[in-house]
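Colleague: I'd like a close look at the charged side chains in one part of this model, and then wherever they lead you. Give me your cut-offs as you go.

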There are 2 protein chains.
Amino acid sequence: MAETIAAAAAGDTDAIKGDREPRTERGRRTRRAILDAAAAEFGERGFHDASISGITRRAGVALGSFYTYFDSKDVVFRALVRDLSAQVREHVAPAIRAAPDGIAAERAGLERFLRFVREHKEIYRIIDESEFVDSESFRLHYQSTADRIAQRLAAGVARGNFRADVSEVHAWAIMGMNVFLGLRFGVWSEDQDPDAIADAVAEFLRRGLAR
Amino acid sequence: MAETIAAAAAGDTDAIKGDREPRTERGRRTRRAILDAAAAEFGERGFHDASISGITRRAGVALGSFYTYFDSKDVVFRALVRDLSAQVREHVAPAIRAAPDGIAAERAGLERFLRFVREHKEIYRIIDESEFVDSESFRLHYQSTADRIAQRLAAGVARGNFRADVSEVHAWAIMGMNVFLGLRFGVWSEDQDPDAIADAVAEFLRRGLAR
C-alpha cells in the first residue's frame, strides 16, 4: 500500500493517512469530482449504505482513479468532512472580511451560510454522521469554527466594540445559533428570507454584545 | 405480532407502534429499567453495535420482559429518544416555571440543562444518532423544544419584557446556543462552572431581547 501522506484539503488540519494529494491539474480535477460525488453519495445514502462504486459511477471515473487518491470508503469520508468544512469556511470568509465591523461580519457570515446550506443540504447529514464515523473530524469541524468566531469576537473586544466579558461562551453560543438556524431555515424549510433572518440575528447580537 | 399501540412516554408525541404501555406499577418499573439500560447500551455502543441482549443484561431482566414492552431494537430506540426528550423537558421545567421573569427562565433552563448533560452525556450521542435511525423523533425533539422556547418568548413579548420583533428565529437561535453550550461545556469538558455560563448567556439575552 502506498504510504504517501497527503496534506489535508483544508490546509490547517492534520493529514489523513491513505488520502493522497494529486500532483497534476488533471489529477486535482479528478479528486475534486470524486469528492463532489462522495458528497452526493454519502448525503443521499448515509455512510453505511454508500459504496465506492456508487461514488465512482456518480463521478464518471474508473475504480482505479478512486484508489489513486483514497485508500477506502473511510478515508474518502474523512477527506469529505474536512473538504466540506473548508468549503463552508471559504464560502463565508470573503463576506466576513469585507464587512465594516464585527456585527456586520457575523451578519454576513450567517447570511452566506444560510444560502450555502440551501444549495448543499447534504452537508448537515454528512457532518452530523461524522460524529459516529469519524469523531475526530466532527470535533475538529466545530472546534475550529468556534475558534474562528472567538478570534473575531476578541478582535471586537480589543477594538472596544464589544463588552470586555465577551468570551468563548459567546463564540459557542453564536456557532450554535448558526447551526440550528441553518437546519431550520436552510435544510428543513426555505420559508423565510436569509436576509431577514440575518438582520434579526444581527440586531440581537448588536444589542447583546455591545459595550 | 401484538398490535397494541402504546401512548408515547412523553405524553404529547405520537404513539410508537410496537411500544406497549405497562398496566401495573411493577411493569412500569421494568419498562423504566429497560429504557435506562437502553440509554447506556446505545450511548456506549451506538445503534448498530447495540443489542437487545446487551440491554436486557444491563437491565437485569429476561429477554421475554423486553418483548413484553418493545417489539424490536428500532422500537426501543424510538421510545428512548422520546423518553430522553421528556426527561430533559421535565428536568428543566420546574426551574423555568419558578423563575421570576423571562430572562431568568432561560437562564435557569440553560443552567439545569448543563448539569443534566454532565450527568447524562450519552443523551447527545443518542439524539444525534436518531437523525439517522429515526429521523421523525429527531425532528420532533428539536421542533418541540424550539416551540416551547418560542411560546416563552411570545409570553415575554405579550408582557412587554421583550421587543415586539422577537420571533421563531430567536427561539431557534436560543435552542442552538443551548445545544452547543451543552456539547462544549457539558459533554466535552467540565472546565467551566454552569452558573457562570448561564450568567453570561442571561446577560447576553437580557440585552439582546430587551425592549
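Modeller: Let's start with A:Glu44, which counts as exposed at 57% relative accessibility (buried is under 20% relative accessible area, exposed over 50%, partly exposed in between, with a 1.4 Å probe and protein chains only). This is a predicted model, so local features need pLDDT of at least 70 and side-chain atom pairs pLDDT 80 or more, while totals for chains, interfaces and linings use all residues. Residues are numbered from 1 along each chain as written, chains are lettered from A and ligands numbered from 1 in written order, and side-chain values use heavy atoms, without hydrogens or water.

The partner of A:Glu44 is A:Arg58: their side chains meet in a salt bridge at 3.0 Å, N to O (a side-chain nitrogen of Lys or Arg within 4 Å of a carboxyl oxygen of Asp or Glu). A:Arg58 sits in helix α2 (residues 52-59) of chain A and A:Glu44 in helix α1 of chain A, so this bridge ties together parts 14 residues apart in sequence. (Helices are DSSP runs of H or I, at least four residues, numbered from the N terminus.) With 36% relative accessibility, A:Arg58 is partly exposed.

Now go to A:Glu41, also in helix α1 (residues 25-49) of chain A. A:Arg45 comes out partly exposed, at 38% relative accessibility. Setting aside neighbours within four places in sequence, A:Glu41 is in contact with A:Gly46, A:Asp49, A:Ala50, A:Ser51, A:Gly54, A:Ile55 and A:Arg58 (contact means heavy atoms within 4.5 Å). That brings A:Arg58 back in: it bridges to A:Glu44 and is in contact with A:Glu41.

Further along chain A, the side chains of A:Glu136 and A:Arg78 form a salt bridge at 3.8 Å, N to O. A:Glu136 belongs to helix α7 of chain A and A:Arg78 to helix α4 (residues 73-98) of chain A, so the pair ties together parts 58 residues apart in sequence. Both ends are partly exposed, with 40% relative accessibility for A:Glu136 and 22% for A:Arg78. There's also a network: salt bridges with shared partners join A:Arg107, A:Glu111, A:Arg115, A:Asp195 and A:Asp199. Over all chains, the whole structure has 47 salt bridges.

Two salt bridges are found across the interface of chain A and chain B. One of them pairs A:Glu168 with B:Arg184, whose closest N and O atoms are 2.9 Å apart. On the side of chain A that touches chain B, the elements giving two or more residues are α6 (122-133), α7 (135-158), α8 and α9 (194-209) of chain A. Of these, α8(A) gives the largest share, 15 residues.

The contact takes 39 residues from chain A and 39 from chain B. Together the chains bury about 3500 Å², 74% of it on carbon and sulfur atoms (buried area is the accessible area, 1.4 Å probe, that two parts lose on being put together, summed over both). A:Phe180, A:Trp188 and A:Phe204 supply 22% of what chain A buries against chain B, more than any other three residues.
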